[in-house]
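Here is a short briefing on one protein chain. Look over the structure first, then read the notes by topic.

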Amino acid sequence: MHELAIADSVVQIASRHADGRQVTKVYLKVGHLRQVVPSALAFSFELVAQGTPLEGAELEMEEIPVTGKCRECGAENRPTEFPLQCGACGAFDLEVLQGEELYVESLELEEV
């Protein structure tokens with residue numbers, strides 16, 4: 001369950017940036033290729049956030065779809081299944097442009 005490790009990293013990053021202020025919401029970008037289970041990450045986040053400035057904060061996740069550029073024909077695609085294949089020519093040689101993201105985009109903090 002890698003979601004627990006991800007949740008721990010998110011809490012550490014957000015805590016550093018919050019600088020002692022209470023966090024009310026964390027916005028997270030998660031690429032589809034990261035294969036994160038949203039419910040497992042939300043549950044893990046709640047556990048790890050206990051006793052930190054993030055306790056009770058809402059975790060909002062935006063899933064970024066896979067976008068690839070075919071190295072054979074140059075077409076950009078949004079493949080939806082594995083293996084990743086060009087929708088234009090059928091080649092399997094895609095450069096992944098999006099879908100591998102995993103980062104804290106922003107925080108909402110309580111006013112001091």
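Start at a hairpin: β3 and β4 form it, with five residues between them. G74 sits in the turn and has a positive phi of about 85 degrees. The model is predicted.

**The hairpin and its sheet**

- β3 and β4 pair in the antiparallel sense, and two bridges join them.
- Within this pairing, K69 stands opposite E76 in β4.
- Strands of a sheet pair through backbone hydrogen bonds, either parallel or antiparallel.
- Strand β3 (residues 67-70) is joined to β5 by four bridges, and the two run antiparallel.
- G68 has V96 of β5 as its bridge partner.
- C70 stands opposite L94, also in β5.

**The helix pair**

- Two packed helices are described by the angle between their axes and the distance between the axes.
- Helix α1 covers residues 3-18 and helix α2 covers residues 38-49. They pack at an angle of about 50 degrees. Their axes are 8 Å apart.
- Angles under 35 degrees count as roughly parallel and those of 65 to 115 as roughly perpendicular. The angle of about 50 degrees therefore makes α1 oblique to α2.
- The crossing of α1 past α2 is right-handed.
- On the α1 side, the contact is made by E3, L4, I6, A7, D8, V10 and V11. On the α2 side, A40, L41, S44, F45, V48 and A49 take part.
- What kinds of residue make up this contact? There are 10 nonpolar residues, one polar and two charged.

**The whole chain**

- The protein chain has two helices and six strands.
- Along the sequence, these elements follow the pattern α-β-α-β-β-β-β-β.
- The radius of gyration is 17 Å, well over the 13 Å that the globule rule gives for 112 residues. The chain is therefore more spread out than a compact globule.
- The C-alpha trace spans about 55 × 25 × 15 Å along its principal axes.

Methods: Residues are numbered from 1 along each chain as its sequence is written. This is a predicted model: local features need pLDDT of at least 70, side-chain atom pairs count only at pLDDT 80 or more; totals for chains, interfaces and linings use all residues. Side-chain values use heavy atoms; hydrogens and water are left out. Axes are lines fitted to C-alpha atoms, for helices over the stretch in contact, and angles run from 0 to 180 degrees between N-to-C directions. Angles under 35 degrees count as roughly parallel, over 145 as roughly antiparallel, 65 to 115 as roughly perpendicular and the rest as oblique. A crossing is left-handed if the near helix is turned anticlockwise from the far one by less than a right angle, and right-handed if clockwise. Contact means heavy atoms within 4.5 Å. Ala, Val, Leu, Ile, Met, Phe, Trp, Tyr, Cys and Pro count as nonpolar, Asp, Glu, Lys and Arg as charged, and the others, Gly among them, as polar. Two strands pair if DSSP finds at least two bridges between them. The radius of gyration is taken over C-alpha atoms; the globule rule is 2.2 Å times the number of residues to the power 0.38.
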